[in-house]
Amino acid sequence: MNRMNFSAHIPTRLIFGAGELNKLAECKLPGKKALVVISAGTSMRKYGYLDRVCELLKKNGAETVVFDKILANPIKTHVMEGAAICREKRCDFVVGLGGGSTIDSAKSIAIMAVNDGDYWDYISGGTGKGKAVKNALPIVAISTTAGTGTEMDPWTVITNEETNEKIGFGCSLTFPAISIVDPELMLSIPPAFTAYQGFDAFFHAAEGYIASIASPISDLYALEAVRLLYKYLPVAVKNGSDLKARSKVAWAATLAGMVESTSSCTSEHSMEHAMSAYYPKLPHGAGLIAISEAYFTTFKNDRMKRYMKMFETMTEKKSARPSDFIDALAFLKKECGVDNIKLSDYGITPEDFPRFADNAVNTMGGLFSFDPRPLNRTEIIDIYAKSYK
């Protein structure tokens, strides 16, 4: 824990700040023809982001092809379809424009555009075959949400809808070549989704801070991320047009992505992936929020000093006990209006808990190895039970 032996490698050029999307017209691109990947929703067209990106790429000498089928919880079918179009149209790089699901899908499409077989052949965990990825097209990430941090890490989370497996995957080839984080593109996000996304970033940082492989450099990123989110996420939720708050939250989410590149998420993410694998209408951030207090309470005596340090960083107050962090987390949830998420509203029942536990361990069991201590199956089910409404 917090060893002084560590490595760091984040080979992504980050372009950050309000109005910085315009740099897309002048920065050196990794290709001449882009597959632009967006969601199946309307926002990228409604707010003019798609047209703007295509025009900026055109000014920079690149042609574009649009693939617009990505779901909030992206699926393998669309990865394979996007890759087939990428090959057919002879695109030589992939642009992910949108939130985490879109950028994740762009990474996975970039793999399958130049590798044989099925995407699940390359997945480690579950029914994946774990084949080595030999190559990938370059990726450009353009974030319109502040949550996943996928713009600064190699990870991509895709669901195999045939097997109900939602698994994170990545390698050095899936780091974006260029990432543009422009908070002006985030002003239109509704309050609830601002909160869901912001809490996803919060948990990337907090999990990475208590993880067994945390390092001095990931600690720097993690503590600054939780500090910024505690201070500015409620402001961004209550006033989405506050560009300063949006910028601070966006920077926190980017830092949390850097935590994922230098430490790791823990089993909270495995447990949520199991829920949204079976119930894909459950937003990832909402699922994390729902189980968070029970989850972090489980480890409060295993990382006492780290819980207290997070509380002190967030609140600028002296901590007397590790439960102070749990109290601060509960306060942040209330301030953001997400303290009463009901898993039952998404169709989840207590009968689901055992299969969630088995799915979490079988598909993303690797994250459990980074927990402060091993969890047994009874404890996993108990976290779901204590979180249920």
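**Note on helix packing and nonpolar cores**

1. V259 counts as buried because its relative accessibility is 0% (buried means under 20% relative accessible area, exposed over 50%, partly exposed in between, with a 1.4 Å probe and protein chains only). The model is predicted: local features need pLDDT of at least 70 and side-chain atom pairs count only at pLDDT 80 or more, while totals for chains, interfaces and linings use all residues. Residues are numbered from 1 along each chain as its sequence is written, and side-chain values use heavy atoms, with hydrogens and water left out.

2. V259 lies in helix α7 (residues 243-262); helices (H or I, at least four residues) are DSSP runs, numbered from the N terminus. Leaving aside residues up to four places away in sequence, V259 touches H204, A205, G208, S218, Y221, A222 and S264, contact being heavy atoms within 4.5 Å. The C-alpha atoms of V259 and E293 are 21 Å apart, and the two residues are separated by 34 residues along the chain.

3. Helix α8 (residues 267-278) and helix α9 (residues 284-298) have axes that come within 9 Å and cross at roughly 130°. Axes are lines fitted to C-alpha atoms, for helices over the stretch in contact, and angles run from 0 to 180 degrees between N-to-C directions. The angle makes α8 oblique to α9 (under 35 degrees is roughly parallel, over 145 roughly antiparallel, 65 to 115 roughly perpendicular, the rest oblique). The crossing is right-handed, that is, the near helix is turned clockwise from the far one by less than a right angle.

4. On the α8 side, S267, E268, H269, M271, E272, H273 and M275 meet H284, G287, L288, I291, S292, Y295 and F296 of α9. This contact divides into 6 nonpolar, 6 polar and 2 charged residues; Ala, Val, Leu, Ile, Met, Phe, Trp, Tyr, Cys and Pro count as nonpolar, Asp, Glu, Lys and Arg as charged, and the others, Gly among them, as polar.

5. α8 also packs with helix α13 (residues 377-387), at about 65° and with the axes 12 Å apart. M271, A274 and M275 of α8 and I380, I383 and Y384 of α13 make the contact. By class it has 6 nonpolar, no polar and no charged residues.

6. In the largest nonpolar core, of 74 residues, F199, F202, M271, F296, M310, F325 and Y384 touch the most other members. Such a core is a set of buried Ala, Val, Leu, Ile, Met, Phe, Trp, Tyr and Cys residues joined through side-chain atoms within 4.5 Å. Helix α6 (residues 216-238) supplies the largest share, 13 residues. A second, separate core of 30 residues includes I70, I109, L137 and I139.

How values were computed: Helices (H or I, at least four residues) and strands (E, at least two) are DSSP runs, numbered from the N terminus.
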